Amino acid sequence: MNCGFPKDFLWGVATASAQVEGAAFEDGKKATIWDAFCRLPGAIRDGNVMDVTCDQYHLYEKDIALMKELGVKSYRFSFSWARILPDGTGKVNEKGLDYYRRLIRCLKENGIVPNATMYHWDLPYALQLKGGWGNRDSVKWFTEYADVLLENFGRDIDLWVTFNEPIATWVGYGLGSFAPGLRDEKYARQALHNLLVSHGEAVKLFRAKKLANARLGIVVDVWKHYPARPGNNEDEAMALAANEIAGFGWFLHPLFLGGYSEELTEYMKKNGFTPEILEGDFATISQPVDFYGLNFYNGLYDNADEARRIRELEASGGNYQERPEQHPEAIYDVLHMLVEKYRIKVPIYVTENGYIQLDEDNGTKEDFLEDPERIAYLTEVIRSIRRAIADGIDVRGYYVWSLLDNFEWNAGYTMRYGLYHTDFGTLERTPKKSAGWYRNVIENNGLDV
Ligand code: FCB
């Protein structure tokens with residue numbers, strides 16, 4: 001059946017090492033910044049640590065069987081740097097490599113295309129002790145790590161991603177709510193610059209290796225902000241700042257257009273946050289990639305009056321927990337923006353899209369298994385992607401976040417994104433309604449028209 005998607009469209013599911021693997025200190029793996037951050041009082045909403053999570057390190061065959069059940073064509077996962085190079089650089093941990101060899105072999109035996117991310121936020125703690133991404137040496141550290149990955153798995157992986165969502169490093173170094181928990185904008189701007197240069201150096205390394213069939217890209221999440229009241233100066237300014245100064249423009253501009261945007265350059269200059277930029281950095285950052293990975297969760301409408309109300313509420317000790325309005329259709333406009341504003345000419349994969357179930361809204365396992373809101377949300381996203389493809393935008397794949405409920409960073413186990421429910425006591429996986437729905441989507445290569 002042709003439901004508007006190209007014949008080889010890659011339907012997939014996504015996870016990340018720190019969120020699903022567990023085995024945090026097993027077989028030679030050492031601590032990451034997240035293992036450390038979890039142990040800070042109050043850092044994680046439910047006070048949990050990432051030592052076990054879904055235990056995919058031991059249960060990967062079971063999880064690949066679930067993927068088989070769904071019929072997915074591709075699995076997006078990430079490598080744990082500290083499992084492979086426990087100290088970040090230097091001695092390679094054979095047992096770590098061996099785990100990924102087994103995982104990749106099992107995927108291939110099941111006809112599932114591996115899509116692997118080098119860095120999904122879990123920096124080895126040993127490197128944080130040397131300043132982490134804020135240290136320019138991070139470029140060398142990352143290149144060494146990328147080299148180990150490409151030497152060992154270069155040809156086995158079809159789709160390589162250097163970085164997942166650079167913005168997380170802003171949340172960790174600038175806002176303090178992710179690992180490593182720093183609040184220093186100047187240092188954070190430098191960290192992100194170093195990270196972008198690391199990406200570019202990894203692209204060069206990848207090209208030098210001439211790996212037949214393997215392709216490499218980067219994943220930048222786009223939470224596009226719109227003024228809630230178009231024409232209202234305050235709303236317009238809020239949305240612009242959210243997009244350009246602390247959002248996707250920070251990364252997409254140097255990656256695809258070259259250099260930081262005018263708005264960001266001005267802002268950093270005015271506030272003394274301009275990072276140290278070496279000659280050639282921007283050329284390195286904008287090395288051509290083979291594809292772009294879009295993580296899309298929502299479109300947001302900024303209302304300055306509403307923002308003031310929330311700030312006042314929070315200042316007086318209140319807790320703002322409302323679920324934001326859902327705008328799944330915004331992905332259509334985002335895809336157009338990528339091509340029209342950022343002139344992205346390479347194929348696009350939607351590398352993550354998902355829907356949260358919150359502990360406070362649901363409760364029992366039975367409640368979580370019924371997820372019509374997730375189905376409705378994902379349906380609208382898929383429909384919008386189909387419209388973009390009909391307009392001629394080259395979207396080649398779509399990955400649901402996530403295969404199974406996992407450790408949702410600073411929210412711990414309080415947010416569930418899985419197509420499968422995870423019981424974090426017994427580690428039992430149970431399909432939600434959406435799992436059966438997604439199986440159908442894949443089988444039909446899209447939604448019934
Ligand atoms: C994305 C992250 C992913 C997961 C989802 C819900 O921003 O890349 O690890 O946490 O959000």
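Q: How many residues does the largest nonpolar core have, and which of them have the most contacts inside it?
A: The largest nonpolar core has 130 residues, and F79, W160, L294, Y398 and Y438 have the most contacts inside it. Helix α9 gives the most to this core, with ten residues. A second, separate core of 16 residues includes L159, Y349, M415 and Y417. A nonpolar core is a set of buried Ala, Val, Leu, Ile, Met, Phe, Trp, Tyr and Cys residues joined through side-chain atoms within 4.5 Å. Buried means under 20% relative accessible area, exposed over 50%, and partly exposed in between (1.4 Å probe, protein chains only). Helices (H or I, at least four residues) and strands (E, at least two) are DSSP runs numbered from the N terminus.

Q: What kind of model is this, and how are residues numbered?
A: This is a predicted model, in which local features need pLDDT of at least 70 and side-chain atom pairs count only at pLDDT 80 or more, while totals for chains, interfaces and linings use all residues. Residues are numbered from 1 along each chain as its sequence is written, and side-chain values use heavy atoms, with hydrogens and water left out.

Q: Leaving aside neighbours within four places in sequence, which residues is L294 in contact with?
A: Contact means heavy atoms within 4.5 Å. Beyond those neighbours, L294 touches V220, V222, I331, V334, L335, L338, I348, Y349, V350, T351 and E352.

Q: Which way do the side chains of strand β2 point?
A: In a regular strand the side chains alternate between the two faces of the sheet. In β2, S74, R76 and S78 point one way and Y75 and F77 the other, and all are buried. Strands pair if DSSP finds at least two bridges between them. Strand β1 (residues 10–14) runs parallel to β2, with three bridges, one partner of A14 being R76. Strand β3 (residues 113–119) is also parallel to β2, with five bridges, and F77 stands opposite A116.

Q: Why is α8 described as largely enclosed?
A: Eight of the nine residues of α8 are buried, so α8 is largely enclosed by the rest of the structure. Its buried residues are covered by elements including α6, α9, β5 and α11.

Q: Which backbone angles stand out at W121, N213 and P180?
A: Most residues other than glycine have a negative phi, and most peptide bonds are trans. W121 has a positive phi of about 80° and is buried, at 9% relative accessibility. N213 has a positive phi of about 75° but is exposed, at 72%. The bond from A179 to P180 is cis, with omega near 5°, and P180 is found in the loop between α8 and α9.
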